[in-house]
Structure formats: structure tokens, C-alpha cells
Amino acid sequence: MKKVSHFEFLHGVRDELPILLGVVPFGMIYGVSAISAGIPASIAQAMSCIVFAGSAQFVIAQLIAAGTPALVVILTAFIVNIRHVLYSASVSPYTHRLHMLWKWLLAYLLTDEAYAVTILHYQKPGDDGRKHLYFLGAGLALWTTWQLSTAAGIFLGGHIPASWSLDFTSTLTFIALVVPALKDRVSTASALAAALTALLVIALPLKLGIAVAALVGIAVGLILELKRRTSL
């Protein structure tokens with residue numbers, strides 16, 4: 001039984017490895033961006049440990065650099081991360097029998113990259129009673145890589161002159177994250193709607209345009225997906 005558990009854990013780590021090649025540069029860019037935004041190194045690293053959500057961390061760093069009030073920062077981060085509710089609902093049928101401590105741990109480790117490999121593994125035939133160890137392996141592999149790459153970025157950011165404006169790095173990172181995910185009409189329309197809205201409301205104070213654009217993108221996606229399903 002221990003050998004099976006060990007295999008499941010390592011299987012999760014192995015399947016996550018190809019994704020980690022893309023995680024490393026994003027973690028480093030976040031670290032550099034956080035330092036350039038004036039966030040202390042200890043707080044920037046703590047954010048990677050506590051928040052553990054790359055896209056939200058980039059947004060938080062950008063908003064802090066702009067002097068945005070804390071309430072708006074929290075609200076925007078919540079909107080950006082609201083997709084995790086859908087991830088949780090998706091894996092819930094496979095994890096509902098686990099002890100509450102397991103659920104809390106796996107919920108903490110539930111990210112885009114960990115979910116991508118874990119849900120596919122859950123959907124394969126086999127004993128679901130040990131597949132949470134696969135989830136754990138994938139999640140811990142990602143968590144460790146994110147902490148180390150963040151630390152590397154923070155170190156580099158501390159040695160880059162303040163005169164080098166690095167605000168553009170977060171924008172480039174978001175583009176790199178979004179474009180590969182646009183695989184159908186719904187996702188493409190949602191992204192375009194959010195981008196257009198962001199341009200139209202860019203003058204809103206307190207960087208509220210980011211939150212507005214996110215809400216519009218989500219709304220467009222939901223409407224189009226509902227229409228697609230009703231037409232089937």
C-alpha cells in the first residue's frame with residue numbers, strides 16, 4: 001500500500017515537471033515586479049507563500065505600485081481568483097470523502113497548473129482512494145518551484161537600479177498567460193471584451209478599471225457559454 005501511495009505522489013510530481021519550466025520565469029518576473037513596486041522583500045516572499053496565486057500577485061504588485069487603497073486591492077484579487085471556485089467544484093466529487101485537513105491542504109495547493117494535470121488524472125479509470133496523493137505531489141512540486149523562483153526574482157530585483165522601469169513586465173506576463181488559453185470562441189470573446197473594457201475605463205481612479213474589465217470578461221464568457229449550451 002505504501003508503494004502505491006509513493007507511486008501516486010511521484011506520478012503527480014513527474015506530470016507537473018513540464019509545466020514548471022514555464023512557471024520559473026513567471027515566478028522570477030513576479031519577484032522583480034514586486035521589488036520594483038516598492039514591496040519589501042519579506043512581504044513579497046510571504047505573498048507567494050500565503051496568497052500563492054501568480055496572476056493575483058501580479059495584480060496586487062501593480063496596484064500597490066499605483067498607491068491603490070487596500071480594499072480595492074483585496075477586491076480585485078478576489079475577482080481575479082474567483083475561477084478557483086469552479087476548480088473546487090470540479091474536484092469536489094473526487095475529494096469529498098477525504099478528511100477535512102486533507103481538503104484544506106489540497107484547497108491551498110489548488111492552482112491553475114496543479115488543477116490542469118490533477119483533474120485529468122482523476123478522470124482516468126482507477127482507484128480514486130489514492131489519487132489525492134497525486135494531487136499533493138503536483139501541488140507541492142508547483143509550490144516549491146514558485147517559492148524558489150520568487151526568491152530568485154526578489155534577489156535580482158534588489159540589484160536592479162530603480163531607474164529601470166519594470167512595470168511592463170506584469171503586462172507582458174499576463175499576455176503570455178492569456179494568449180495560449182484562447183482556444184475557442186467563448187474564451188477569445190471574453191478576453192477581447194475585457195481588454196476593450198480596460199481601455200475604455202483606463203481613466204477610472206484607484207485602478208478600478210482592472211476590476212471592471214474582469215467583471216465584463218466574466219459576464220461575456222458566462223452569457224456566451226449559456227447560449228452555446230442552450231443551442232445544443
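Predicted model: local features only at pLDDT ≥ 70, side-chain atom pairs only at ≥ 80, totals over all residues.

Author: Residues are numbered from 1 along each chain as its sequence is written, and side-chain values use heavy atoms, with hydrogens and water left out.

Reader: What makes up the protein, in helices and strands?

Author: The protein has 11 helices and 0 strands. Helices are DSSP runs of H or I with at least four residues, strands are runs of E with at least two, and both are numbered from the N terminus.

Reader: Why are H7 and H8 called roughly antiparallel?

Author: Helix H7 (residues 112–122) and helix H8 (residues 131–157) pack at an angle of about 160 degrees, and their axes are 9 Å apart. Axes are lines fitted to C-alpha atoms, for helices over the stretch in contact, and angles run from 0 to 180 degrees between N-to-C directions. Angles under 35 degrees count as roughly parallel, over 145 as roughly antiparallel, 65 to 115 as roughly perpendicular, and the rest as oblique. H7 and H8 are therefore roughly antiparallel.

Reader: Which residues of H7 and H8 meet, and how do they divide by class?

Author: Contact means heavy atoms within 4.5 Å. From H7, Glu 113, Ala 114, Val 117, Thr 118, His 121 and Tyr 122 meet Lys 131, His 132, Tyr 134, Phe 135, Ala 138, Gly 139 and Leu 142 of H8. These divide into 7 nonpolar, 4 polar and 2 charged residues. Ala, Val, Leu, Ile, Met, Phe, Trp, Tyr, Cys and Pro count as nonpolar, Asp, Glu, Lys and Arg as charged, and the others, Gly among them, as polar.

Reader: What makes H6 oblique to H8?

Author: Helix H6 (residues 100–109) packs against H8 at an angle of about 40 degrees, with the axes 9 Å apart. That angle makes H6 oblique to H8. Where the two helices meet, H6 contributes Trp 102, Leu 105, Leu 106, Tyr 108 and Leu 109, and H8 contributes His 132, Leu 133, Phe 135, Leu 136, Gly 139, Leu 140 and Trp 143. By class, this contact has 10 nonpolar, 2 polar and no charged residues.

Reader: How do you know that His 132 and His 121 are buried?

Author: Buried means under 20% relative accessible area, exposed over 50%, and partly exposed in between (1.4 Å probe, protein chains only). His 132, in H8, has a relative accessible area of 9% and is therefore buried. Leaving aside residues up to four places away in sequence, His 132 touches Leu 98, Trp 102, Leu 106 and Tyr 122. His 121, in H7, has 8% relative accessibility and so counts as buried. With the sequence exclusion of up to four places, His 121 touches Glu 8, His 11, Lys 131 and Tyr 134.

Reader: How does the span of H3 compare with the expected one?

Author: Helix H3 (residues 54–65) has 12 residues and reaches 17 Å from its first C-alpha to its last, close to the expected 16 Å. The expected span is 1.5 Å times one less than the number of residues. H3 is followed by Gly 67, whose phi is positive, near 75 degrees.
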